Amino acid sequence: MKPITLTRGTLAAVVTGLAATVGAAGPAAAAGTVPVPVPLGGVSQALDMEVPRLRAEVPLVKPGAPEGPRYVTGRLLPDRTLPQLPVSGGLPGLEGRAPLPRLLGDDFDHLDVDAPAGDVRALAPGLALDAPLTAPDADHFGLPSTKLPQAGVLAPVLRTVAGGNLATGPGR
């Protein structure tokens, strides 16, 4: 067997493995969450009884690029000296089904919880400063004048929509 054939075969195996991994992780990465199953099947068999079923989704946090500085006429420093950093991710999701000991009657023996993962968009706090000097002034022979310094905090922003369902019902 030639060394080139061995290298091509190894390369083909690696590429196939990577394609399978990317294909399996594609929907989770596109959704921004990673599914996390909670394995309780062994407990159900060991205790010979029905146990709750749980499945969670953990969000992936993705930092964004901050906006560049915006220069304003008459100021020595840019408008946002420390820009706000955008971050996007998600709220964790939860899906569960738990048995109830017929507390509400014979028709209600299960509790279902469904809270899907939701998108979260946030902006970190920022800072806006201005120096205690004005721009060069022609009336003062090109020298800047003094003024009161300015400082401001850009408040953080959080945007999301959360939702969920809670239901009771019969059956397995």
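## Surface, fold and confidence of a predicted protein model

The protein has an accessible surface of about 12,400 Å², and carbon and sulfur atoms account for 67% of this area; accessible areas were computed by the Shrake-Rupley method with a 1.4 Å probe, and for residues only the protein chains shown count as cover. The model is predicted: local features need pLDDT of at least 70 and side-chain atom pairs count only at pLDDT 80 or more, whereas totals for chains, interfaces and linings use all residues. Numbering starts from 1 along each chain as its sequence is written, and side-chain values use heavy atoms, without hydrogens and water.

Of 172 residues, 13% are buried, that is, under 20% relative accessible area (1.4 Å probe, protein chains only). Among contacts (heavy atoms within 4.5 Å) between residues at least 6 apart in sequence, 65% link residues at least 24 apart.

Two helices and 11 strands are present, taken as DSSP runs (H or I, at least four residues; E, at least two) numbered from the N terminus. Four strands form an open, antiparallel sheet in the order 3-4-7-10, pairing being defined by at least two DSSP bridges. Its edges are strand 3 (62-63) and strand 10 (157-160). Strand 10 is joined to strand 7 (residues 118-123) by four bridges; Ala-122 has Leu-158 as its bridge partner.

Confidence is expressed as pLDDT, from 0 to 100 for each residue. The protein averages 77, and 79% of the residues score at least 70.

| Element | Mean pLDDT |
|---|---|
| Helix 1 (residues 3-31), lowest | 52 |
| Strand 9 (residues 150-154), highest | 89 |

Residues 21-30 have pLDDT below 50, and this stretch has four contacts in the model beyond near neighbours in sequence.

Note on methods: Buried means under 20% relative accessible area, exposed over 50%, partly exposed in between (1.4 Å probe, protein chains only). pLDDT is the predictor's confidence in each residue, from 0 to 100.
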